[in-house]
Amino acid sequence: MNQQNQYQAIMFADVSGSSALYKRIGNEQAKAIIDEAVHFMTAITIVNEGTVVKTIGDEIMARFSEGFQACEAAIAIQRRCVKEPHLKDLGIKIGIAYGDVLITHNDVFGDRVNDAACVAHIARANQIVITQSVVDTLGNAFKHDCQMFDRINIKGETEHTLIYRLEWEHSGKDNRATMVMPIHDVASFVAKFQLTLSLCGRDILLLPEQTPYHIGRDPVKAHLLIEHELASREHCHIEFRRGKYVLVDHSTNGTYVYADEQQPIYLRREELPLQGEGKISLGQKIDSEPTYLIRFKV
C-alpha cells in the first residue's frame, strides 16, 4: 500500500441542522439542499489547494499542506453559507487541526485527524474551532482573528490544550482585542483573558492555561488554600470554558457569589460564569467582611 507521513491541516466541515430540515421540508428537497452545500464545500476546498479525503453524509473531511489554507477555505465556506437564502436555517460547523498524519491513497489517519473531528464536534453552527497546533502555524493576519475558546482534554491526551474560535465574519481586520500567540508567548498578552483573584491583600493573576484552579482546605490539592471550618477540602475550582472563566462548586456548604451589586447567587454542586467584578465567599454569606473573602475581576 502506498502511504506516507506528512504534516497536514485536517478540516472537518459538517452541515448542522440537516435532520430538522428533512423533517420540515421532506426528503427530496432537503437532500438537494444538503447536496448543494456539500458540493460548494468541496469546490471551495479545491480552490484553496486542499484535497477532499471523503464525504460522510452531510460532512466533508479535507486535508491541506498549510494551516492558513485550511483557515481560508473554512472562512470562505462560512461566508458562502450565510449568503445562500435556502441555507438560512442551516449552519456549518468546522474543526481544524494540524500535525503529522499518515496519508494513504484514499484516506488519512492519525491523532491530528481525531483532534480535528473533536473540535468540529465542539463547534456550533457557523463556528470555526481550531487547535493550538493550527494557531502556531498562522501568520499575524489570521492570529488577529483567533479567540481563545476553551481548554479541553482531546481524546487520548493527558493534558488540557487550548482551542480557539476563528472569527470569520471580520477576518483580516487588525482586531488586536482577539489576538492570540503561541502558547509559550501567551502570558505577555493578558488584557482580554486575565482573571484576577484577591485574598488578604494578595493578588493572583490567572490565564486560561493555568486552569483548572482549585480552591479549598486541602493543602495538597488546593492552589488557593482557605483554612476555614466552613470550607470543604476540595471546595470549588475555576476553569476556562468557551471563552469564559467558570466557577464550579463541589462543596458541602456551597459558595456565595456577589457580582456587580446584585443579590448573591448561591451555588451548591452547581456552576456559574464569572463576569465583571465581584466577591466569592465559601460556605457563608457576607454578613460582615470575612477573613477569607475572595475578590475577582475579569
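Buried means under 20% relative accessible area, exposed over 50%, and partly exposed in between (1.4 Å probe, protein chains only). The model is predicted: local features need pLDDT of at least 70, side-chain atom pairs count only at pLDDT 80 or more, and totals for chains, interfaces and linings use all residues. Residues are numbered from 1 along each chain as its sequence is written, and side-chain values use heavy atoms, with hydrogens and water left out.

**Exercise 1.** Classify Tyr-256 and Tyr-266 by accessibility, then determine the geometry of their ring pair.

*Solution.*
1. Tyr-256 has a relative accessible area of 14% and is therefore buried.
2. Tyr-266, at 36%, is partly exposed.
3. Rings of Phe, Tyr and Trp (its six-membered ring) pair if their centres lie within 6.5 Å; planes under 30 degrees apart count as stacked, over 60 as edge-to-face and the rest as tilted.
4. The centres of the Tyr-256 and Tyr-266 rings are 4.8 Å apart and the planes stand at 45°, so the pair is tilted.

**Exercise 2.** Carry out the corresponding analysis for Tyr-7 and Tyr-98.

*Solution.*
1. The ring centres of Tyr-7 and Tyr-98 lie 6.1 Å apart with planes at 35°, so this pair is tilted.
2. Strands are DSSP runs (E, at least two residues), numbered from the N terminus.
3. The pair links distant parts of the chain, with Tyr-7 in strand β1 (residues 4-16) and Tyr-98 in strand β4 (residues 91-103), 91 residues apart.
4. Tyr-7 counts as exposed because its relative accessibility is 53%.
5. Tyr-98, at 16%, is buried.

How values were computed. Helices (H or I, at least four residues) and strands (E, at least two) are DSSP runs, numbered from the N terminus.
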